[in-house]
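Here are my notes on the fold, the core and the charged pairs. Please read them beside the model.

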Amino acid sequence: MESQQVDKNPVVHKLREWNAAAVAEVTEFRGETTVVVPRQHLLAAAEFLAMEPSLRFSYLSDITCVDRFPLEPRFEVNYHLLSMDRRDKLRLKVKLPSSDPVVHSVTPLWPGANWHERENFDLFGVRFEGHPDLRRILMPDDWEGHPLRKDYPTEGYR
């Protein structure tokens, strides 16, 4: 739901001005703004938000994943950004189908994304295209499946 407050948000306005196709949806809840970005626009939108001098979202604090099984698109990957210059925060969200849970890596923009992307790959099975070293980080290399998926057996595979 887009409110008038969201319409006045300077970050959303600047992002839409740069590329309207990069903003699929905007929500505001309890003072937090979330911009849903189509996966094909994620890398360019993230680069714009990080490099645009008037925005400078230079810090990626976290990447989280949500499994919405059995709904489609099944996965939501959330990027929590911070602009220290502007003292502002923003959440980017990318929705991914269960048949193709792949999104571009943002590690070239924010090197700390390396660990977050590996964790989401390991626990949810979301693949990050272009990641420099995408492999398990928490589970053993020979572990079967991705334990935070909602359809993962509670006692593991037998």
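**Notes on the sheet, helices, core and salt bridges**

1. Five strands make up an open sheet of mixed pairing, ordered β1-β2-β5-β4-β3. Strands (E, at least two residues) and helices (H or I, at least four) are DSSP runs, numbered from the N terminus. Two strands count as paired if DSSP finds at least two bridges between them. β1 (25-29) and β3 (59-67) are the edge strands; each has a single partner, so one side of each lacks a neighbour in the sheet. On average, neighbouring strands are turned by 20 degrees against each other, direction ignored.

2. This is a predicted model, in which local features need pLDDT of at least 70 and side-chain atom pairs count only at pLDDT 80 or more, while totals for chains, interfaces and linings use all residues. Residues are numbered from 1 along each chain as its sequence is written, and side-chain values use heavy atoms, with hydrogens and water left out.

3. Look next at the β1 and β2 hairpin. β1 pairs with β2 (residues 32-36) in the antiparallel sense, over five bridges. V26 stands opposite V35 of β2. Two residues sit between the strands, and R30 takes a positive phi near 50 degrees.

4. α2 (residues 10-18) lies across β1, β2 and β5 (88-96), at about 15 degrees to β2. α3 (residues 42-51) lies across β4 (75-83) and β5, at about 175 degrees to β5. Axes are lines fitted to C-alpha atoms, for helices over the stretch in contact; angles run from 0 to 180 degrees between N-to-C directions. Contact means heavy atoms within 4.5 Å.

5. Which residues of α3 are buried? They are L42, A45, A46, F48, L49 and A50. Buried means under 20% relative accessible area, exposed over 50%, and partly exposed in between (1.4 Å probe, protein chains only). The cover over the buried residues of α3 includes α2, β4, β5 and β6 (102-104).

6. The largest nonpolar core has 37 residues; V35, L49, Y79, L92, V106 and V126 touch the most other members. α2, α3, β3, β4, β5 and α4 (113-124) each supply at least two residues of this core. α3 gives the most, with six. Such a core is a set of buried Ala, Val, Leu, Ile, Met, Phe, Trp, Tyr and Cys residues joined through side-chain atoms within 4.5 Å.

7. Leaving aside residues up to four places away in sequence, V35 touches V12, L15, V23, E25, V26, L90, R91, L92 and K93.

8. The structure holds 13 salt bridges (a side-chain nitrogen of Lys or Arg within 4 Å of a carboxyl oxygen of Asp or Glu). One joins K95 and E25 at 3.7 Å, N to O. K95 lies in β5 and E25 in β1, so the pair ties together parts 70 residues apart in sequence. K95 is partly exposed at 32%, and E25 is partly exposed at 30%.

9. E76 has two salt-bridge partners to check. With R68, the N to O distance is 3.3 Å. With K93, the closest N and O atoms are 3.5 Å apart. K93 lies in β5 and E76 in β4, so this pair ties together parts 17 residues apart in sequence. Both K93 and E76 are buried, E76 with a relative accessible area of 10%. R68 is partly exposed, at 25%.
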